[in-house]
Amino acid sequence: NGMWMPVDAAIRTLPPIDFCFLFGGNLPTQRNSETLLTHLKASARTARYVGAVDTGAFAMAQAGLLHGKDVVLHWEAALAYRERFPDAVMRNQLYLIEDNRIQCAGGVATLDLMLDLIGRLYGEILASEVANALVHTPRPAETPQRLDDPHERGVPPLRDRIVRLMESNLDFPLSLAEIAERLCVSVRTVSRECQRRFNEPPMRLYLTIRLQAARNLLFYEEFSIKDVATACGFSYTAVFSRVFRQQFGETPSAFRANLRKRQSETYRPEIRRLAASE
């Protein structure tokens, strides 16, 4: 976001620490150097906790620190994470503390995590005082990340089951008949529910979900346009580019190029300011 933050030490000269947190951003793997990964491995052996916030989970996984463990990260980056680590078991919750590993979805969930840690380290009374000062009601770690994806008792509403089924079958899209069969309802019921809840026919809704997933992949990763198209169920790159442009007003390559340009403009803003003043 262009905000300048001074640092106290380089990674190589960082003294031993009790808590090591890696805050990831929109480019979750591009700047994960061997120096960083080595530091994470060392911290996992010596620190009380080593943790990842948002897409920091990518670096944790690259360092081998999440092997055999469930994963928590921001829901928008989940598809990109699965593309790199297909065997990962994802948890839809705010944060996870397991052994000396911590994972957090980011955003305000980071506050819930910190209040939890304060409670563990200094007691619930202090944690409550901090929460009250921030006018925040702490949420349990298992709280779902999104308001439209709550924990349901019994069978979730049909609209949720339709969307979840579509989101879990992006690379090989199901037909309308297959969707109805898997949900144990009629084709007409699926069509009526999609029209009533989303004001779209089922297959148009499915296309929208696939295009949004493709946009997230372009946002977070550097996969080729062809690979993004394949991951989201498009057999032909030309078709993918055409429908993506219809949905978002620009081609996939133009979207990513413009996004990366904006991101580069916020990298090392103090240098850019000096260059502009010369």
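Helix 6 (residues 158–167) and helix 9 (residues 202–220) have axes that come within 10 Å and cross at roughly 50°. That puts helix 6 oblique to helix 9, and the crossing is right-handed. Keep in mind that this is a predicted model, where local features need pLDDT of at least 70, side-chain atom pairs count only at pLDDT 80 or more, and totals for chains, interfaces and linings use all residues. Residues are numbered from 1 along each chain as its sequence is written, and side-chain values use heavy atoms, with hydrogens and water left out.

**How the helix terms work**

- Helices (H or I, at least four residues) and strands (E, at least two) are DSSP runs numbered from the N terminus.
- Axes are lines fitted to C-alpha atoms, for helices over the stretch in contact, with angles running from 0 to 180 degrees between N-to-C directions.
- Under 35 degrees is roughly parallel, over 145 roughly antiparallel, 65 to 115 roughly perpendicular, and the rest oblique.

**Helix 6 and its neighbours**

- On the helix 6 side, I162, V163, M166 and E167 meet P202, L205, Y206 and I209 of helix 9 (contact is heavy atoms within 4.5 Å).
- By class, that contact of helix 6 with helix 9 has seven nonpolar, no polar and one charged residues (Ala, Val, Leu, Ile, Met, Phe, Trp, Tyr, Cys and Pro are nonpolar, Asp, Glu, Lys and Arg charged, the others, Gly among them, polar).
- L158, D160, I162, V163, L165 and M166 are the buried residues of helix 6 (buried is under 20% relative accessible area, exposed over 50%, partly exposed in between, with a 1.4 Å probe and protein chains only).
- These buried residues pack against helix 7 (176–183), helix 8 (187–198) and helix 9.

**Aromatic pairs**

- There are nine aromatic pairs in the structure (rings of Phe, Tyr and Trp, its six-membered ring, with centres within 6.5 Å; planes under 30 degrees apart are stacked, over 60 edge-to-face, the rest tilted).
- One of them is F19 with Y49, stacked at 5.7 Å centre to centre and 25° between the planes.
- That pair ties F19 in strand 1 (residues 19–23) to Y49 in strand 2 (residues 49–53), 30 residues apart.
- F19 is partly exposed at 29% relative accessible area, while Y49 is buried at 11%.
- F58 and Y81 have ring centres 5.1 Å apart and planes at 75°, so this pair is edge-to-face.
- F58 sits in helix 2 (residues 56–62) and Y81 in helix 3 (residues 78–84), 23 residues apart, and both are buried.
- Ring pairs also link F234, F240, F244, F248 and F255 into a cluster.

Definitions and conventions: A crossing is left-handed if the near helix is turned anticlockwise from the far one by less than a right angle, and right-handed if clockwise.
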